[in-house]
Amino acid sequence: MADDKQRAELLPADALKGKRLGISVSNSPDLDRLGLTETHFRMTLGELVRSVVIAGGDLYYGGHLQPEGITTFLIEELHRYGRRDRPLKVCLAWSIHRSMSKEQIAEQKDFLGLFGEIHFLDSDGVRLEGPLNEQPVSEFSSTERAMALSGLRNYMAKNTDARIVVGGKRDGFEGAMPGIVEEVLLSLENKQPVFLAGGFGGATVDIIRVLHPGSAEWLPVSPEPKYDSRLLDSLERVAEVATRMEWDGLENGLSEEENSLLAASYRPSEIAALVGRGLGRVL
């Protein structure tokens, strides 16, 4: 009850009406060594969804539509809060929706109902009027998938007002670089406010380490044998773009102390409160 009251004071109803928040989340390889679980991770995501949706904001998420995935979890959370003006925008890369049958797409649109809508993108990340009425494609090359994912991430960067970042893979990713790193990179190039919630580790804390090393000292560098070279190269690009653009994304309404707290917190209510506080100040 105390947390609910605090959020309501920090981010009143309709404070984010008309604002579009990009969500960059994926599983973190650091959960085990932090003593956290997938449940903690999803609780945080649920709190963030609740904070933004109750305040009238729209959520943009780029992913797939698998039953156990993040998209399904977001839709289930929206079912709990009852906003029926389609606050969730599910953005699908070309390689994702072109691999789906008409029946699969229709089933997902039914599941979304009045809680969200799907943005279908072409291979360059340009929004289509809807899915193509053609047979699904069974296979894409790695180059085609990388191009489609970059197009998706560029679309989201250009059609949102701020970005929330949690977790993130270091390997086993599709595309030219880890998705979360590319999404932050594009946010910096578009001078978007970014909220780096690093308490779950992963690529998010790696980004914090290159932008503000002092805020990542709480977590030693992962003991993984060797980082994927594409991750290391992309992190160097994050640092280079931040310097060139004179923008590190943390001009997000939070103070330096608050951003440092966000960089280490794993508490769902605290993360949601900090993000809500910053959004309320900057948007």
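**Exercise 1. Classify lysine 191: is it buried, partly exposed or exposed? Then place it in the chain.**

Solution. 
- Step 1. In this predicted model, lysine 191 has a relative accessible area of 41%.
- Step 2. Buried needs under 20% and exposed needs over 50%. Lysine 191 is therefore partly exposed.
- Step 3. Lysine 191 sits in the loop between H8 and S6. It comes after helix H8.
- Step 4. Check the backbone. The phi of lysine 191 is positive, about 55°, although the residue is not a glycine.

**Exercise 2. How many residues of helix H8 are buried, and what do they pack against?**

Solution. 
- Step 1. Helix H8 covers residues 179-189.
- Step 2. Ten of its eleven residues are buried, so H8 is largely enclosed by the rest of the structure.
- Step 3. Among the buried residues are Glu182 and Glu183. Ile180, Val181 and Leu185 are also on that list.
- Step 4. The buried residues of H8 pack against strands S1, S5 and S6. They also pack against H9, helix H7 (142-158) and helix H10 (229-245).

**Exercise 3. Work out the strand order of the sheet. Which strands stand at its edges?**

Solution. 
- Step 1. Six strands make up an open sheet, ordered S4-S3-S2-S1-S5-S6.
- Step 2. The pairing is parallel.
- Step 3. S4 (116-120) and S6 are the edge strands. Each has a single partner strand, so one side of each lacks a neighbour in the sheet.
- Step 4. On average, neighbouring strands are turned by 20° against each other, direction ignored.
- Step 5. Now take one pair. Strand S1 (residues 20-26) runs parallel to strand S5 (residues 162-167), and six bridges join them. Serine 24 has valine 165 in S5 as its bridge partner.

**Exercise 4. Which strands do helices H4 and H6 touch?**

Solution. 
- Step 1. Helix H4 (residues 70-81) packs on the sheet. It touches S1, strand S2 (58-62) and strand S3 (88-92).
- Step 2. The direction of H4 makes about 165° with that of S3.
- Step 3. Helix H6 (residues 102-112) also packs on the sheet, touching S3 and S4. Its direction makes about 145° with that of S4.
- Step 4. Zoom in on threonine 72, a residue of H4. Its relative accessibility is 7%, so it counts as buried.
- Step 5. Beyond its neighbours within four places in sequence, threonine 72 contacts Leu65, Gln66, Pro67 and Phe111.

**Exercise 5. Describe how H3 and H12 cross. Is the crossing left-handed or right-handed?**

Solution. 
- Step 1. Two packed helices are described by the angle between their axes and the distance between the axes.
- Step 2. The axes of H3 and helix H12 (residues 268-282) come within 8 Å. They cross at roughly 30°.
- Step 3. The crossing is right-handed.
- Step 4. On the H3 side, the contact residues include His40, Met43 and Thr44. Those of H12 include Pro268, Ile271 and Val275.

**Exercise 6. Find the aromatic pair. What is its geometry, and which parts does it tie together?**

Solution. 
- Step 1. There is one aromatic pair. The rings of phenylalanine 41 and phenylalanine 200 have centres 5.7 Å apart and planes at 85°.
- Step 2. Planes over 60 degrees apart count as edge-to-face. The pair is therefore edge-to-face.
- Step 3. Phenylalanine 41 lies in helix H3 (residues 38-54), and phenylalanine 200 in the loop between strand S6 (194-197) and helix H9 (202-211). The pair therefore ties together parts that are 159 residues apart in sequence.
- Step 4. Both residues are buried. Phenylalanine 200 has 0% relative accessibility.
- Step 5. Phenylalanine 200 touches Leu34, Tyr266 and Ile271, among others.

**Exercise 7. Which rings have an arginine over them?**

Solution. 
- Step 1. Arginine 98 lies over the face of tryptophan 94, 5.6 Å from the ring centre.
- Step 2. Arginine 267 places its charged end over the ring of tyrosine 266, at 5.2 Å from the centre.

Notes: Residues are numbered from 1 along each chain as its sequence is written. This is a predicted model: local features need pLDDT of at least 70, side-chain atom pairs count only at pLDDT 80 or more; totals for chains, interfaces and linings use all residues. Side-chain values use heavy atoms; hydrogens and water are left out. Rings of Phe, Tyr and Trp (its six-membered ring) pair if their centres lie within 6.5 Å; planes under 30 degrees apart count as stacked, over 60 as edge-to-face and the rest as tilted. Helices (H or I, at least four residues) and strands (E, at least two) are DSSP runs, numbered from the N terminus. Buried means under 20% relative accessible area, exposed over 50%, partly exposed in between (1.4 Å probe, protein chains only). A charge sits over a ring if NZ of Lys or CZ of Arg is within 6 Å of the ring centre and within 35 degrees of the ring normal. Two strands pair if DSSP finds at least two bridges between them. Axes are lines fitted to C-alpha atoms, for helices over the stretch in contact, and angles run from 0 to 180 degrees between N-to-C directions. Contact means heavy atoms within 4.5 Å. A crossing is left-handed if the near helix is turned anticlockwise from the far one by less than a right angle, and right-handed if clockwise.
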